[in-house]
Amino acid sequence: MKKLVALFLVAGSLLSGCGATTSTTQSTSSAQASSSSTAISESTADSSKEQEQIEKKKEEEKQKAEKAALEKKVTEAESALSQAEANPTKENYATASAAIQALPENKQELTNRLAAIDSTIKAKEAEEERKKQEEIARQQAEQAQQEAIAQQQAEQARQQAAAEQASQQAQAAAPEQNNEQTVYVTPTGSKYHTHKCGNGTYTPATLSEAQARGLTPCSKCYGN
């Protein structure tokens, strides 16, 4: 009987030890699980924070790049404006205008400078057009004057040629006029007269006709 009781006590002790071991194991597992969960949470938080830093850095770099690009465009616009102001031409104006239009904002001052350049170009074109018209008018007046002088010279030459021709014709016609001088003759007379000289029937005839008939000048009429 005593032996049986001893056996039961030993068995109870063993069972009690196994229960304590199991409880300890379970507690350890629970602690490990809790520690693992805490580690995972901390790792997730660190990863999220790192991602936020990466995104923030990207955003900063993007803003920095945009700022640098804007500054470059502003510099290009101001350079184009300065060139257009120094040499106001349509080409330089167009270049400056395109550079200003590429700016997203804050371009009112540049636009005002561009408008001043446009006014300068228009004033320059108007002055050039005025000078051009004046030059055309001067050339036309000079051409008209030259044409008038040429016409006057041509008229003088024509008049001189006409006068010379008339003189030559007069000189050539003088002998003929002398030969065509009107004289008076009689049917049977041997003389020709400048007028009716004496009795008889006088008829007019040309000097050449009288000479062709062999008539000679009247001594009374011609004083020979």
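Visitor: What stands opposite Tyr184 in β3?

Guide: That's Pro204. Bear in mind that this is a predicted model. Tyr184 also stands opposite a residue in β2, namely His193.

Visitor: What makes β1 and β3 a pair?

Guide: Pairing takes at least two bridges between the strands. β1 and β3 (residues 203–206) have four, in the antiparallel sense, so they count as paired.

Visitor: And how do you know that β1 and β2 pair?

Guide: Two bridges join β1 to β2 (residues 191–193), and the cut-off is at least two, so this pair counts as well. The two strands run antiparallel and form a hairpin, with five residues between them.

Visitor: Which residues of β1 are on the covered face, and which on the uncovered one?

Guide: In β1 (residues 182–185), Val183 and Val185 make up the covered face, while Thr182 and Tyr184 are on the uncovered one.

Visitor: On to the pocket. What lines the largest pocket?

Guide: Among the lining residues are Leu70, Val74, Pro104, Asn106 and Arg113. Its volume is about 160 Å³. Helices α1 (2–86) and α3 (108–179) each supply at least two residues of the lining.

Conventions. Residues numbered from 1 in each chain as written. Predicted model: local features only at pLDDT ≥ 70, side-chain atom pairs only at ≥ 80, totals over all residues. Heavy atoms only, no water. Buried < 20%, exposed > 50% of the residue type's maximum accessible area, 1.4 Å probe, protein only. 1 Å grid on protein atoms, 1.4 Å probe; cavity = no way out; pocket = protein on both sides within 12 Å on 5 of 7 lines; lining within 4 Å. Points joined across faces, edges and corners; volume = space filled by probe spheres on them.
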